[in-house]
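Hello,

I am passing a structure on to you, as promised. Please open it first, and then read on for a short tour of what turned up.

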Amino acid sequence: QLFQAYPIICHVAMHAATEWTPRVNPYKSSLRSLLRPDMVLNETWPNNAYTAPDVLPYKWKLRDDEIDVHAIAIATYAPEPKTNDYGNFYDDDYSWYEEDEPDSGEENGEGARNLLNEGSKKHSASNERVLSESSKARYLKSATRKNKKSEITAGDGWILYNPIAGFCDGSSQSFCNRDASNKCLLAGHNEGRAGILGDALSGWLILRVPKIKEGIILARFETSVAPDRQRASILSDDFVLDIAINNDISTMSRKEFLDYEKGKVANNLPLWPLLLNQDRFKEESSDDEGETVEVAIRIRSVEGQAASILLTHIYYA
C-alpha cells in the first residue's frame with residue numbers, strides 16, 4: 001500500500017539510520033550520528049555487569065583433539081575497544097560530524113571490534129517538566145502555519161529511550177546486553193529497540209541527513225510509549241507535528257499523522273514522509289554524493305509531556 005503511494009522508493013538505493021540493534025557499525029549507523037552538533041540528547045545507559053570475555057561452563061570444554069571454532073570466529077588483531085566507567089563502549093573520534101564520511105575500519109585494516117559505539121557517554125538531565133500557560137501558548141501559536149521560514153533552535157527535552165549496554169554489532173565479537181538485570185548474561189542477545197523520544201515540551205529535534213540525491217526522507221515513529229513508560233502517548237485533537245526542511249517549516253495535522261500510521265509497508269512498519277521532493281533535487285543537486293539536508297521535527301499539543309512520539313528509523317535517498 002505504501003509502495004503504491006511512493007513508488008520511487010522501489011527504484012532507488014535507500015540509506016538508513018536507526019537505534020535498533022544489532023547494527024554492523026553501531027554508532028555510524030545510529031540516529032545519534034545524524035544529530036546536528038549542537039543537539040544534545042538526554043542519555044542514560046545501563047551499566048555492563050562485566051566487559052571481559054565470557055567464561056564458558058566447564059562441561060563445554062573441548063577435548064584436545066577438537067577444533068575450537070568459537071576461538072577462530074572471534075580472533076582479531078584489532079585493539080580491545082575502550083570502555084567508560086559504566087562498562088559501555090565509546091570512541092573519542094568526533095569525525096562523524098564532518099561532511100566527508102571517514103574511512104571505515106575495514107579500509108584501515110581494523111577489525112569490527114574497532115568500530116566503536118561513541119554514543120555511550122552519559123548526559124544527565126531531568127525529564128520532569130511542567131506545562132505552564134505560557135508554554136501552552138508558545139507551542140500552540142500559529143498551529144496552522146505552512147511553509148514559513150524560521151530559525152530552528154535545538155530543543156533540550158529529547159531523550160535516548162531504552163538503550164542496551166555494550167557493543168552490539170551482531171557479530172561473534174559483540175559484548176552486548178550484559179547489564180546486571182539480565183538473567184542470562186551468557187546469551188549475549190543483541191536485539192534492542194531503542195529510539196529518540198520527545199514530547200510537546202521537548203522543542204526541536206534536529207538531524208543533518210547526508211547523501212540526499214532523490215529528495216526522499218522517511219521516518220518510522222511509534223506512539224505507544226510515553227516518557228514515564230507507564231502509559232501510551234496521548235495524541236489529542238490539537239496535536240500537530242512541525243516538520244522543518246532546511247528551516248522551511250510545514251505542519252502535519254493529527255489526522256494526517258494518524259493516516260500515515262495506518263499505511264504500513266509490512267507488519268509494524270508505518271512510515272511518515274518528512275521530505276518527498278524528487279524534482280527539486282534532480283534539478284539542483286550537482287554533487288555526485290548528494291546534499292546534506294537539515295531536518296527538524298517538533299510536537300505541539302496542550303497535552304505537554306503526555307503527547308509524545310518515538311523516532312526509531314530514518315530512511316533516505
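Let me begin with a question: does F257 count as buried or exposed? With 0% relative accessibility, F257 counts as buried. Please keep in mind throughout that this is a predicted model.

As background, nonpolar side chains tend to be buried together in soluble globular proteins.

Leaving aside residues up to four places away in sequence, I217 touches V209, I212, W272, P273, L274, L275, V293, V295, I314, Y315 and Y316.

Next, the aromatic rings. The structure holds four aromatic pairs. In one of them, F221 and F257 sit 6.0 Å apart, centre to centre, with 35 degrees between their planes, and the pair is tilted. Because F221 belongs to strand β10 and F257 to helix α4, this pair ties together parts that are 36 residues apart in sequence. F221 is buried, at a relative accessible area of 3%. Ring pairs also join F221 and F257 with F239 and W272 in a cluster. Elsewhere, W20 has a charged neighbour: R193 lies over the face of its ring, 4.3 Å from the ring centre.

Now for the cysteines. How many disulfides does a search of the whole structure find? The search finds one. It is formed by C168 and C176, whose sulfur atoms are 2.0 Å apart. The torsion about their S-S bond is about 90 degrees, so the disulfide is right-handed. Both partners are buried: C168 has a relative accessible area of 3%, and C176 has one of 2%. By contrast, C10 counts as partly exposed at 45% relative accessibility, and C184 is partly exposed too, with a relative accessible area of 44%.

Finally, a few spots in the backbone deserve a look. Most residues other than glycine have a negative phi, and most peptide bonds are trans. Where does this model depart from that pattern? The peptide bond from T21 to P22 is cis, with omega near 10 degrees. P22 lies in the loop between β2 (20-21) and α2 (69-74).

Two asparagines have a positive phi. For N177 the value is near 60 degrees, and this residue is found in the loop between β6 (175-176) and β7 (192-193). N177 is buried, with a relative accessible area of 14%. For N246, phi is about 50 degrees, and its place is in the loop between β11 and β12. N246 counts as partly exposed, at 26% relative accessibility.

I hope this helps you find your way around. Do write back with any questions.

Best wishes

Notes
Residues numbered from 1 in each chain as written. Predicted model: local features only at pLDDT ≥ 70, side-chain atom pairs only at ≥ 80, totals over all residues. Heavy atoms only, no water. Contact = heavy atoms within 4.5 Å. Helix = DSSP H or I, 4+ residues; strand = E, 2+ residues; numbered from the N terminus. Buried < 20%, exposed > 50% of the residue type's maximum accessible area, 1.4 Å probe, protein only. Disulfide = S-S within 2.5 Å. Phe/Tyr/Trp six-rings, centres within 6.5 Å; stacked < 30°, edge-to-face > 60°. Lys NZ or Arg CZ within 6 Å of the ring centre and 35° of its normal.
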